[in-house]
Amino acid sequence: METRQEAVTGTIGCAAALLGALAGVAAWFPYGRTALFGAFEGETNPAVLWLGLPVLALGGATAALAVLAVVRGRWRPALGLLAALAGIGAFGYAFDVLAAPRALQDCGSPC
C-alpha cells in the first residue's frame with residue numbers, strides 16, 4: 001500500500017517539475033524570441049540558449065517543487081529548494097539572464 005502512495009507522490013512531483021519547467025520556458029520565450037530573431041537592427045544573440053533558457057527552466061522546476069514540498073508539509077526540503085531557487089535567481093541576475101528584452105527597454109531620446 002505504501003509503495004503505491006509513494007509512486008503517486010513521485011508522479012505528482014515529476015508532473016509539477018515538468019509544468020514548472022514549461023512555465024519557466026514560457027517566461028523565457030519573449031526574451032529568447034527577440035534575442036534569436038533580432039530585436040535591434042536584426043542583431044541576434046544565440047547566447048540566450050546557453051544561459052537564459054536553462055536558468056529559467058531550472059528555476060521554474062525548482063519553484064514548482066518548492067511549492068509541492070510546502071503543500072505536503074515538508075519544510076526542510078522546501079527550505080532547501082527555496083535556497084536553490086535564490087541561488088538560481090542570483091546567477092540569473094549576475095549574468096543578466098533575467099533582464100527584459102532589449103526591444104522592450106527604453107533606449108532614450110535618440111530613438
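**Labels and their cut-offs**

Author: Gladly! Among the elements of the chain, α3 has the highest mean pLDDT (92) and α1 the lowest (85), pLDDT being the predictor's confidence in each residue, from 0 to 100. This is a predicted model, in which local features need pLDDT of at least 70, side-chain atom pairs count only at pLDDT 80 or more, and totals for chains, interfaces and linings use all residues. Residues are numbered from 1 along each chain as its sequence is written, and side-chain values use heavy atoms, with hydrogens and water left out.

Reader: What is the average pLDDT of the chain?

Author: The average is 81, and 78% of the residues score at least 70.

Reader: What makes the pattern of this chain α-α-α?

Author: The chain has three helices and zero strands, and reading along the sequence gives α-α-α. Helices (H or I, at least four residues) and strands (E, at least two) are DSSP runs, numbered from the N terminus.

Reader: Why is W50 called exposed?

Author: W50 has 69% relative accessibility, so it counts as exposed. The scale runs like this: buried is under 20% relative accessible area, exposed is over 50%, and partly exposed is in between (1.4 Å probe, protein chains only). W50 is found in the loop between α1 (2–37) and α2 (52–72). Together with L49, L51, F91 and F95, W50 makes a nonpolar surface patch of about 530 Å².

Reader: Why does T62 count as buried?

Author: T62 counts as buried because its relative accessibility is 11%. T62 lies in helix α2. Leaving aside neighbours within four places in sequence, T62 is in contact (heavy atoms within 4.5 Å) with L81, A84, L85 and I88.

Reader: Why is D96 called partly exposed?

Author: D96 has 48% relative accessibility, so it counts as partly exposed. D96 is found in the segment after α3 (75–94). The C-alpha atoms of D96 and G52 are separated by 8.6 Å, although these residues are 44 apart along the chain.

Technical notes. Patches are made of residues with over 30% relative accessible area and no salt bridge: like charges are joined within 9 Å, nonpolar side chains (Val, Leu, Ile, Met, Phe, Trp, Tyr) within 5 Å. Accessible areas come from the Shrake-Rupley method with a 1.4 Å probe; for residues, only the protein chains shown count as cover. A salt bridge is a side-chain nitrogen of Lys or Arg within 4 Å of a carboxyl oxygen of Asp or Glu.
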